[in-house]
Amino acid sequence: MTNPTILVDDRQVDWQFSALEKAGFDVRKKRLETADLVWAVPYGTVGIEDKPMKSLLADVRNGRLNDQLERLRAKHTLPILLIRQDGGEEPAGYHTIRFGRQLRGIVVADAEPDFATAIKR
């Protein structure tokens with residue numbers, strides 16, 4: 001059985017490719033129109049927007065987050081916003097930000113700053 005292929009946006013410098021490979025993915029770097037990570041599943045595609053906590057509020061304020069998530073939702077069967085806990089402070093209204101995206105059909109998940117650590121769980 002072959003490992004599933006995961007496409008990782010080539011602008012995504014923080015992801016630890018060896019950790020994804022350890023998790024069982026065949027990792028391919030590619031310039032992606034939407035999402036930072038994409039892989040196929042039997043019912044369509046999973047698209048993940050990786051957002052560091054440090055840039056979350058700025059991207060909400062300037063409208064970038066909503067634009068990214070609307071394109072993510074339009075293109076992928078399972079759109080996920082992955083908020084990486086990178087030491088940035090949780091902004092005021094954080095739970096409202098999360099809930100608002102969930103109401104729009106986006107799965108919102110928190111992640112460790114170090115993907116290798118998160119994979120071990």
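Me: What counts as a contact?

Reply: Contact means heavy atoms within 4.5 Å. This is a predicted model: local features need pLDDT of at least 70, side-chain atom pairs count only at pLDDT 80 or more, and totals for chains, interfaces and linings use all residues. Residues are numbered from 1 along each chain as its sequence is written, and side-chain values use heavy atoms, with hydrogens and water left out.

Me: Which residues is Leu81 in contact with, leaving aside neighbours within four places in sequence?

Reply: Leu81 contacts Glu49, Lys51, Leu65, Leu69, Arg101, Ile106, Val107, Val108 and Ala109.

Me: How do I read a nonpolar core?

Reply: Take buried (under 20% relative accessible area, 1.4 Å probe, protein chains only) residues. Keep Ala, Val, Leu, Ile, Met, Phe, Trp, Tyr and Cys, joined through side-chain atoms within 4.5 Å. Here the largest core has 13 residues; Leu56, Leu69, Leu81 and Ile83 touch the most other members. At least two residues each come from α2 (53-61), α3 (64-75) and β5 (78-84). Helices (H or I, at least four residues) and strands (E, at least two) are DSSP runs, numbered from the N terminus. The top contributor is α3, with three residues. A second, separate core of 11 residues includes Ile6, Leu20, Leu82 and Ala111.

Me: Where is Glu49?

Reply: Glu49 lies in strand β4 (residues 44-52). Beyond four places in sequence, Glu49 touches Leu81 and Leu69, among others.

Me: What about its charge?

Reply: A salt bridge puts a side-chain nitrogen of Lys or Arg within 4 Å of a carboxyl oxygen of Asp or Glu. Glu49 is buried and has none; Lys51, the nearest side chain of opposite charge, is 4.0 Å away. Lys and Arg count as positive, Asp and Glu as negative; His and the chain ends are not counted.

Terms used:
Buried < 20%, exposed > 50% of the residue type's maximum accessible area, 1.4 Å probe, protein only.
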